[in-house]
Amino acid sequence: MTAAQQEIAAQQDAAAQQEIQENHVSGATVWLTGLPSAGKTTIAYELAGLLREQGRRVEVLDGDEIREFLSAGLGFSRADRHTNVQRIGFVSELLARNGVLVLVPVIAPFADSREAVRARHQAAGTGYVEVHVATPVEVCSVRDVKGLYAKQAAGEISGLTGVDDPYEEPESPDLRIESQDQTVRESAAALYTLLTERGLA
């Protein structure tokens, strides 16, 4: 092979590698944990809109929808909550490893359950970001999007996370959002910035 042929071959190889890199999109799971009415789902859908504007493949695994379609029959005992979180973690990792950016606004109150999901992603080499939407319970109870705090106060329900059921805050999340101090767009923008810095947006 002549020098000219070698140069042409090298250029073709470089072009092929560049095309592979451009066509390869890394997926990841972004888990938004926090109390009921913390703003997890609202932030997730706002972020999903931003990402789709950039042409990203995005799915939101909403906790209520998962409860209805994937975890129907599960209650709210610690064991059932753990099972629910692991099912969501399995689905999110499956999507993420196939190039989807998966946003998971799910309470997931127990640290060991969340850590098991993180470990699943790490074992598969799949990106995982934990976000704590750290809205104080006093603010959440005023928002009370689903009326859960009012029902608990009236004695109609029990086992409300953060009130009469435990919530174990993440000790070192990848991002902590104080949603009471900023707009939904600002919260989503902060998360978008983190994902961009990590090459995931």
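In the predicted model, helix 2 (residues 40-53) comprises 14 residues and spans 20 Å from its first C-alpha to its last, close to the 20 Å expected at 1.5 Å a residue. Its buried residues are K40, I43, A44, L47, A48, L50 and L51. Viewed down the axis of helix 2, these buried residues fall within an arc of 165°, so they line one face of the helix. An α-helix has 3.6 residues a turn, so residues three or four places apart point the same way. The cover over the buried residues of helix 2 includes strand 1 (28-33), strand 2 (58-60), strand 3 (101-105), strand 4 (127-133) and strand 5 (175-177). Helix 8 (184-197) is also among the elements that cover them. Just after helix 2, G55 adopts a positive phi of about 85°.

Strand 1, one of the elements covering helix 2, was examined next. Six of the six residues of strand 1 are buried, so the strand is largely enclosed by the rest of the structure. In a regular strand the side chains alternate between the two faces of the sheet. In strand 1, A28, V30 and L32 point one way, while T29, W31 and T33 point the other way, and all are buried. Strand 1 is paired with strand 3 through five bridges, and the two run parallel. Within this pairing, W31 has V104 of strand 3 as its bridge partner. Strand 1 also runs parallel to strand 4, to which six bridges join it. Here L32 stands opposite V131 of strand 4. Both strand 3 and strand 4 also contribute to the cover over the buried residues of helix 2.

When neighbours within four places in sequence are left aside, S113 is in contact with H82, V85 and Q86. Not counting residues up to four places away in sequence, the residues touched by T161 are L35, P36, R81, I107, P109, P166 and Y167.

Charged groups do sit over rings, however, in the following cases. The charged end of R67 lies over the ring of F76, at 4.0 Å from the ring centre. The charged end of R78 lies over the ring of F110, at 3.8 Å from the ring centre.

At the level of the whole protein, the secondary structure amounts to eight helices and five strands. Along the sequence, these elements follow the pattern α-β-α-β-α-α-β-α-β-α-α-β-α. Of the 201 residues in the protein, 41% are buried. Among contacts between residues at least 6 apart in sequence, 77% join residues at least 24 apart.

Key. Residues numbered from 1 in each chain as written. Predicted model: local features only at pLDDT ≥ 70, side-chain atom pairs only at ≥ 80, totals over all residues. Heavy atoms only, no water. Lys NZ or Arg CZ within 6 Å of the ring centre and 35° of its normal. Helix = DSSP H or I, 4+ residues; strand = E, 2+ residues; numbered from the N terminus. Expected span 1.5 Å × (residues − 1). Buried < 20%, exposed > 50% of the residue type's maximum accessible area, 1.4 Å probe, protein only. Arc of directions from axis to C-beta. Contact = heavy atoms within 4.5 Å. Pairing = 2+ DSSP bridges.
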